Amino acid sequence: MDFEDERTGEIADGLARIRRRLASACGAVGRDPAEVTLIAVTKTYPAEDVRRLARLGVRDVGENRDQEAAAKAAEVAATGADLVWHFVGQLQRNKARSVVRYADVVHSVDGVRLVRALDDAVGRYRDRPLDALVQVSLDGDPARGGALVGGDTPDRDLDRVLAAVAELDGLRLRGVMAVAPIDATPGTAFDRLAGVAARVRAAYPAATWLSAGMSGDLEEAVKCGSTHVRVGTALLGKRALLR
Ligand SMILES: *Cc1c(COP(=O)(O)O)cnc(C)c1O
């Protein structure tokens, strides 16, 4: 195929590889690839790459830092590209008023006070609710992101966070998200996540999304029922800086 520039060709190759991996991962467990949304995680990459992705048919992009995301989303929006922006990084309450202005989905909702801050910000800046995924901690480490199953930090308690999202009009509870712990096999962690997701879905039937799987573990995630994979490096190349 002929692309307008070399970088577009590179990204097209990455995209084709990811689509093949997704198709084969789905095929292996009898799932329809159409059930799995590919989110291109564009952190550290310029707005021009987001536009290239859009021209290649990608509709969903993910970012993990508010400042970078806000600027990039504005730059891309100015070109008229219509994308779904997913905020996937740890989120502090003081960023809520910024994030709700460009994000369509926040994957990293992990505290009751954060839920309230987002709901308040939605009331001020948006005319429709924000799609929310509650991030589940799979390693139980409160220093890392994610709501905790059990434990004694009420603000971060998974059941309380879920209830807070469900109760407030500004947020629409879509499901759960997780990042596989660094030191565990992703399959085991994602099996646990699938159990949590099933319990969440039983309590909140509209919460059908499961955001799991990145460049290195998307096959395991698809096997455990992921509906949204978040892929950066395998699509765009190795990032210059680790974040
Ligand atoms: C960076 C990031 C990704 C993408 O990771 P890759 O390994 O580059 O595919 C996915 N999810 C979150 C939360 C991230 O911060």
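Helices here are DSSP runs of H or I with at least four residues, and strands are runs of E with at least two, both numbered from the N terminus. With that settled, helix α2 is followed by G57, whose phi is positive, near 100°.

This is a predicted model, in which local features need pLDDT of at least 70 and side-chain atom pairs count only at pLDDT 80 or more, while totals for chains, interfaces and linings use all residues. Residues are numbered from 1 along each chain as its sequence is written, and side-chain values use heavy atoms, with hydrogens and water left out.

The whole protein next. Its secondary structure comes to nine helices and eight strands. The radius of gyration, taken over C-alpha atoms, is compared with a globule rule of 2.2 Å times the number of residues to the power 0.38. For 243 residues that rule gives 18 Å and the protein has 17 Å, so it is as compact as a globular protein of that length. Along the principal axes, the C-alpha atoms fill a box of roughly 55 × 40 × 30 Å.

Buried means under 20% relative accessible area, exposed means over 50%, and partly exposed lies in between, with a 1.4 Å probe and protein chains only. Of the 243 residues, 51% count as buried. A contact means heavy atoms within 4.5 Å. Among contacts between residues at least 6 apart in sequence, 62% join residues at least 24 apart.

Now to α2, residues 47-55. Which of its residues are buried? They are A47, D49, V50, R52, L53 and A54. These pack against the helices α1 (6-28), α3 (66-78) and α9 (233-236), and against the strands β1 (37-41), β2 (60-63) and β3 (84-87).

Take the α1 pairing. Axes are lines fitted to C-alpha atoms, for helices over the stretch in contact, and angles run from 0 to 180 degrees between N-to-C directions. α1 and α2 pack at about 60°, with their axes 10 Å apart. That makes α1 oblique to α2, given that under 35 degrees counts as roughly parallel, over 145 as roughly antiparallel, 65 to 115 as roughly perpendicular and the rest as oblique. On the α1 side the contact is made by R7, T8 and I11, and on the α2 side by D49, R52, L53 and R55.

Last, the loop between β1 and α2, where T44 is found. Phi of T44 is near 75°, a positive value in a residue other than glycine. T44 is partly exposed, at 26% relative accessible area.
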